[in-house]
Amino acid sequence: AGVQKGDIILELNSQSIKDPHGLTRLVGNLKPGSEITIVVWRGSKVIELSTTLKKRDEEHVAGFGQDMDKNVETKDKLGLTIVDITPDIASKYSLKDAGGVLVIDIDSESSSVKSDIQRGDIIKEINRHEITDMRDYLAMLENVKKGQTVLLLIIRNSRPLYIAMDVD
């Protein structure tokens, strides 16, 4: 549709978007093939984009996190269990690159649950610093202290999404 990294989605089909859940609900109520108009804030401008809604590939999403026994899993201080996105995983799930880490599980007692992080999300940035692998990810988290807010850039269903979450 032309939405770019860092865009803030303001409206979908003339309906205001207040939070990611609102966007999800609006999109979920539309049928594949529907023409949609998205209004975004980019830089210092409001931009209107139009596209046709496509059906989500359920097999692609449902497969995330399975067959990970060859990869080292790590549970982080945010309550996420992550693995590196190897070339094999990138290929298996049709990811454009092998950078970042894949969320394969979420501790139900962690702040991650409240922040809308989901299994299958790919974390690409922490506080606007690119993450190439688990080592980068864990090193960036070392600088984040309890009580701070961390900004994550995730890829969900091939779409970028920024999520801010408090560190417990």
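Predicted model: local features only at pLDDT ≥ 70, side-chain atom pairs only at ≥ 80, totals over all residues.
Helices (H or I, at least four residues) and strands (E, at least two) are taken here as DSSP runs, numbered from the N terminus. By that numbering, Asn127 is found in the loop between β8 and β9 (129-130).

## Overall make-up

The chain contains 5 helices and 11 strands. Of its 168 residues, 38% are buried. The chain exposes about 10300 Å², and carbon and sulfur atoms supply 48% of that area. Among the contacts in the chain with a separation of 6 or more, 49% are between residues 24 or more positions apart.

An open sheet of 4 strands runs in the order β2-β1-β3-β4, with antiparallel pairing. The edge strands of this sheet are β2 (15-16) and β4, each of which pairs on one side only. Strand β3 (residues 35-42) is joined to β4 in the antiparallel sense over 8 bridges, and within this pairing the bridge partner of Ile38 is Leu49 in β4.

Ile47 lies in strand β4, which spans residues 45-52. When residues up to four places away in sequence are not counted, Ile47 touches Ile38, Val39, Val40 and Arg42. Ile47 and Leu10 are 37 residues apart in sequence, while their C-alpha atoms are 9.7 Å apart in space.

## Pairing of β6, β7 and β8

Strands β6 and β7 run antiparallel and are joined by 5 bridges, with Ile82 standing opposite Val103 in β7. Strands β7 and β8 also run antiparallel, joined by 2 bridges, and here the bridge partner of Val101 is Ile123 in β8.

## The largest nonpolar core

The largest nonpolar core has 20 residues, and those with the most contacts inside it are Leu80, Ile117, Ile123, Ile126, Tyr137 and Leu152. The elements that give two or more residues to this core are β6 (80-84), β7 (101-106), β8 (122-126), α5 (134-142), β10 (149-156) and β11 (159-166). The largest share, 4 residues, comes from α5.

Which residues does Tyr137 contact once its neighbours within four places in sequence are left aside? Tyr137 is in contact with Asp76, Leu78, Leu80, Ile82, Val101, Ile123, Ile126 and Ile131.

Leu138 and Lys77 are 61 residues apart in sequence, with a C-alpha to C-alpha distance of 9.1 Å. Leu138 has a relative accessible area of 29% and is therefore classed as partly exposed.

## The loop between β8 and β9

Besides Asn127, the loop between β8 and β9 also holds Arg128. Most residues other than glycine have a negative phi. Phi of Asn127, however, is near 50°, a positive value in a residue other than glycine, and Arg128 has a positive phi of about 70° although it is not a glycine.

Is Arg128 buried or exposed? Its relative accessible area is 57%, so Arg128 is exposed, whereas Asn127, with a relative accessible area of 31%, is partly exposed. The charged end of Arg128 sits over the ring of Tyr162, 5.0 Å from the ring centre. How many aromatic pairs does a search of the whole structure find? The search finds 0 aromatic pairs.

## Accessibility of the residues discussed

| Residue | Relative accessible area | Class |
|---|---|---|
| Asn127 | 31% | partly exposed |
| Arg128 | 57% | exposed |
| Leu138 | 29% | partly exposed |

Notes. Residues numbered from 1 in each chain as written. Heavy atoms only, no water. Core = buried A, V, L, I, M, F, W, Y, C linked by side-chain atoms within 4.5 Å. Buried < 20%, exposed > 50% of the residue type's maximum accessible area, 1.4 Å probe, protein only. Contact = heavy atoms within 4.5 Å. Phe/Tyr/Trp six-rings, centres within 6.5 Å; stacked < 30°, edge-to-face > 60°. Lys NZ or Arg CZ within 6 Å of the ring centre and 35° of its normal. Areas by Shrake-Rupley, 256 points an atom, 1.4 Å probe, with all protein chains shown as cover. Pairing = 2+ DSSP bridges.
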